[in-house]
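Subject: Structure handover and notes

Hello,

The sequence and the structure follow below. My notes come after them, grouped by topic.

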Amino acid sequence: VYSWTILDQIFDAYAAAHVRPMVELGFMPKALSTHPDPYHIGWPLKPGEEEGWSFPPKDYKRWQELNRQVAAHMAERYGKETVSTWYWEVWNEPDGRYYWKGTQGDYNKLYDYAVAGVRQAIPNARVGGPATTGPGSGTQSKASEYLRAFLAHCTTNKCLATGGPIPLDFISFHVKGRPNVIDGHVQMGLDHELNNAADGFTIVRQFPKFQKLPIILSEADPEGCAACSARLYPPNAYRNGPLYASYTAAAMKGLQELADRAQVNLLGMLTWAFEFEGKPYFDGYRTLATNGVDKPVLNFFRMAGLMRGNRVAAVSNAAISLDGVLAHSVRQAPDIDTLATSANGEAAVLLWNYHDDDVAAPGAPVTVTIKSVPLPVHRVLLQQYRIDDQHSNAYTVWKEMGSPQNPTPEQYARLQAAGQLQLFGSPKWMTPEHGEIKLDVQLPRMGLSLLRVTWPAN
C-alpha cells in the first residue's frame with residue numbers, strides 16, 4: 001500500500017517555495033525490513049539497541065519497486081522535466097553505527113536496486129551516494145574505506161539490479177567539525193571539517209573515471225548531532241549566536257579552496273539543519289530558526305544568496321592560510337578573511353572575523369579595496385549588511401527580554417523582526433577613484449559584513 005499524504009505535504013511546500021530538493025532515499029519501511037521490531041525506539045539509543053528501519057530489505061526487488069513508485073509519483077505530480085533536475089541520494093551514513101545494519105556489500109546492492117527503480121521512472125534522474133560519514137584517519141578510517149570501496153564497486157562491477165553499468169551522477173559524503181568546551185567556553189574545530197573534506201577529495205582523485213564528477217557534501221556542519229540540545233550538550237551553544245554564522249563562512253571558503261587545490265568538482269555543501277517542533281526557544285538544536293524566529297546563521301545564507309555571478313579573487317592580509325587551518329584550526333590570531341563575486345552591474349564582498357574560541361575580544365579595523373571589476377566611472381550604490389551581537393540577531397534581543405519561553409505577541413513580533421538580515425547604516429552613493437572603491441569597516445569578533453555595490457547594468 002502506497003500512501004503519499006505526508007510526502008505530498010512536504011514536497012508541495014518545496015514546490016511552493018521554488019526549492020529544488022535533494023531527495024534522500026531512506027529508510028526501510030517496516031513491511032520490508034529484515035528485522036522489523038522494534039521499528040523505532042527514540043533518541044538517543046542505548047548500547048545494543050537497534051531500530052527496524054536501519055536494516056536491509058527482505059526483498060530487493062520490492063525495494064526497487066518502492067523507489068520506482070516514489071519517483072514515478074514525483075514525476076507525475078511535479079513533471080519529469082522538473083524532477084530530472086533533483087538529486088537522488090541513496091541512504092544516510094551506511095558506514096555509521098546507527099543508520100545501516102547491513103554489510104558494505106548489502107549497501108552496494110541497496111544502492112543498485114534503488115537507482116534502478118528511480119531510473120525506471122525518470123530515465124535521466126541524477127542519482128548518487130554513498131553519503132558516508134567524514135573521511136579521515138584513525139577512528140574515521142572506516143569511512144574512508146567505505147567510500148573507496150563504494151567507488152570501486154561503481155567502477156568495476158555490474159549493476160546487481162540490471163546487469164548493466166552502475167549509474168553514478170554525483171558523489172556524496174559528510175564533513176564535520178568538532179566543538180568542545182574548553183576553560184568554560186565553546187571552542188570550535190574548523191580543522192576537523194576541512195580535513196574530512198581534504199581526505200574525501202583525495203579518495204575521489206584515486207578514481208580517474210570520477211575526478212570530474214560533481215561532489216556534494218551532503219552534511220557540512222560544525223559537528224554531528226543535530227538533535228542534541230545545548231542544555232544536554234554544552235558545546236552546541238554556538239548554534240544560537242553569530243559564531244555559527246562566521247564559522248560557516250570560514251568553512252565555505254576553506255571547502256572551496258580545498259576543491260580548487262584538489263581539482264575536483266565541488267557542486268555544493270548542505271547544512272544539515274532540522275525543525276524541532278514544540279521545543280523551547282533557543283534550546284540549541286541545529287536549526288536555522290527557533291519557533292519561527294530566524295537565527296543569525298540563516299542570515300549568513302541570506303548574505304550568500306545576495307552574492308551573484310562568479311567568484312573572483314579576494315585576498316586578506318589577516319587571513320589564516322588554508323594549510324594553517326588544516327594544521328592548527330583558528331586558535332591563535334583570528335581569521336579575518338573574505339569572499340567576493342562579480343556580475344553585470346554588481347559586485348559583492350563578504351567579510352568575517354572568525355575565531356574558534358567563543359570569548360569576548362576586540363573587533364578589527366578592516367580597510368576594503370574593491371578593484372579589478374568593471375566599476376563604472378560614475379557613482380555606485382553601496383549597501384552594507386551586518387551580522388553581529390547587535391544586528392541580524394534575535395538571540396541577543398531574546399536574552400535582553402529575559403529569555404521568555406512564552407513571549408507576548410509584541411515580543412514575538414520584535415523577535416521575528418530582529419531575526420531578519422539587517423542593513424548596517426544607510427545605503428550610500430560612492431564615486432570610484434581610478435577604478436577603485438575604498439572604505440573602512442570595524443568588524444566585531446564573530447561578525448560578518450556583506451558589502452554590495454550596484455550600478456546600472458550594461
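A disulfide here is a pair of cysteine sulfur atoms within 2.5 Å. Before the details, two points on the basis of these notes. This is a predicted model, in which local features need pLDDT of at least 70 and side-chain atom pairs count only at pLDDT 80 or more, while totals for chains, interfaces and linings use all residues. Residues are numbered from 1 along each chain as its sequence is written, and side-chain values use heavy atoms, with hydrogens and water left out.

Cysteines

The structure holds 1 disulfide. Cys225 and Cys228 form it, with 1.8 Å between their sulfur atoms. The torsion about the S-S bond of Cys225 and Cys228 is about 70°, so the disulfide is right-handed. For exposure I use relative accessible area with a 1.4 Å probe and protein chains only: buried is under 20%, exposed is over 50%, and partly exposed is in between. Both Cys225 and Cys228 are buried.

Cys154 is buried at a relative accessible area of 2%, and Cys159 is buried at 4%.

Helices (H or I, at least four residues) and strands (E, at least two) are DSSP runs, numbered from the N terminus. Two packed helices are described by the angle between their axes and the distance between the axes. Axes are lines fitted to C-alpha atoms, for helices over the stretch in contact, and angles run from 0 to 180 degrees between N-to-C directions. The axes of helix H7 (residues 242-262) and helix H8 (residues 296-305) cross at roughly 40° and come within 7 Å.

Contact means heavy atoms within 4.5 Å. On the H7 side the contact is made by Pro242, Tyr244, Ala245, Thr248, Ala249 and Met252, and on the H8 side by Pro296, Val297, Phe300 and Phe301. Those residues divide into 9 nonpolar, 1 polar and no charged. In this scheme Ala, Val, Leu, Ile, Met, Phe, Trp, Tyr, Cys and Pro count as nonpolar, Asp, Glu, Lys and Arg as charged, and the others, Gly among them, as polar.

The buried residues in H8 include Pro296, Val297, Leu298, Asn299, Phe300 and Met303. Among the elements that cover the buried residues of H8 are H7, strand E10 (293-294), E13, strand E15 (380-387) and strand E19 (448-454).

The second largest pocket

On a 1 Å grid over the protein atoms alone, a cavity is a set of points where a 1.4 Å probe fits but cannot get out, and a pocket is an open set with protein on both sides within 12 Å along at least five of seven lines; lining residues have an atom within 4 Å of a point. Grid points are joined across faces, edges and corners, and a volume is the space filled by probe spheres set on the points.

The second largest pocket has a volume of about 620 Å³. Its lining has 27 residues, and Ala314, Val315, Thr338, Val368 and Thr369 lie nearest the centre. Strand E12 (335-343), strand E13 (346-354) and strand E14 (364-370) are the elements that give two or more residues to this lining. By class, the lining residues of the second largest pocket are 17 nonpolar, 8 polar and 2 charged.

Backbone points

Two cis peptide bonds are worth a look in the viewer. One joins Asp37 and Pro38, with omega about -5°, and Pro38 is in the loop between strand E1 (22-25) and helix H2 (60-78). Another runs from Gly129 to Pro130, with omega near 10°; Pro130 is in strand E3 (residues 126-132).

Trp91 is not a glycine but has a positive phi of about 70°. Trp91 sits in the loop between strand E2 (87-90) and helix H4 (104-121) and counts as buried at 0% relative accessibility. Asp183, also a residue other than glycine, has a positive phi near 50°. Asp183 is in the loop between strand E5 (180-182) and E6, and at 76% relative accessibility it counts as exposed.

His185 lies in strand E6 (residues 185-187) and is buried at 16% relative accessibility. Not counting residues up to four places away in sequence, His185 touches Asn180, Asp357, Asp358 and Val359.

Ala318 is partly exposed, with a relative accessible area of 29%. Ala318 and Pro334 are 16 residues apart in sequence and 7.9 Å apart in space, C-alpha to C-alpha.

Regards
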